Amino acid sequence: MVTAYIGLGSNLAEPVLQVRRACEALTQLPETRLLECSSLYLSPPMGPADQPDYVNAVAALETTLLPYDLLAGIQAIEQAQGRTREVRWGARTLDLDLLVYGDQIISDKALTVPHPGMPERAFVLYPLQEIAPMLNIPGLGPLAALVANCPKNGLKRHA
């Protein structure tokens with residue numbers, strides 16, 4: 001069993017519902033058990049400013065799926081919830097990112113783990129810290145140090 005962390009985000013088509021549905025869909029992945037899903041957080045868009053704010057969360061999974069199989073599973077959840085890939089960092093119904101996969105470091109055309117944008121993304125680091133405060137991220141170090149160096153940039157916990 002490997003512990004993996006998945007970032008969840010949405011800013012279209014009832015984002016709170018999209019993220020909650022996705023967290024529930026993670027429980028249906030084969031050979032996988034959902035350990036925890038963080039609180040929901042609101043964050044300003046990272047890409048084009050002419051889009052709604054995002055709802056974000058992070059989920060912890062225990063899985064025996066290989067990283068590429070887990071990636072395929074989360075991409076299938078995105079598609080089932082209407083995800084289309086048109087504009088980079090544009091508005092979307094659902095975005096699921098494989099953030100961490102055990103202690104592995106993977107870097108190829110299909111997958112980069114740990115997720116390369118993590119150190120600058122408050123909407124990933126703060127929800128991740130909520131569910132895994134002692135996490136040591138392979139190649140990046142203690143999560144607490146990353147959080148200490150990442151301002152919230154408008155991130156707030158959803159009521």
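Author: Just after helix H2, Gly 82 adopts a positive phi of about 90°. This is a predicted model, and the helix in question runs over residues 67–80.

The buried residues of H2 are Pro 67, Leu 70, Leu 71, Gly 73, Ile 74, Ile 77 and Glu 78. Because they cover an arc of only 160° around the axis, they lie on the same side of H2. An α-helix has 3.6 residues a turn, so residues three or four places apart point the same way. The face of H2 turned away from this buried side carries the exposed residues Gln 79 and Ala 80.

The cover over the buried residues of H2 includes strand E1 (2–10), H1, strand E4 (54–63), strand E5 (95–101) and strand E6 (106–107). One of these elements, H1 (residues 15–26), also contains Cys 23. A disulfide joins Cys 23 to Cys 37, with an S to S distance of 2.3 Å. Cys 37 belongs to strand E2 (residues 32–37), so the pair ties together parts that are 14 residues apart in sequence. Cys 23 is buried, with a relative accessible area of 8%, whereas Cys 37 is partly exposed, at 26%.

Conventions
Residues numbered from 1 in each chain as written. Predicted model: local features only at pLDDT ≥ 70, side-chain atom pairs only at ≥ 80, totals over all residues. Heavy atoms only, no water. Disulfide = S-S within 2.5 Å. Helix = DSSP H or I, 4+ residues; strand = E, 2+ residues; numbered from the N terminus. Buried < 20%, exposed > 50% of the residue type's maximum accessible area, 1.4 Å probe, protein only. Expected span 1.5 Å × (residues − 1). Arc of directions from axis to C-beta. Contact = heavy atoms within 4.5 Å.
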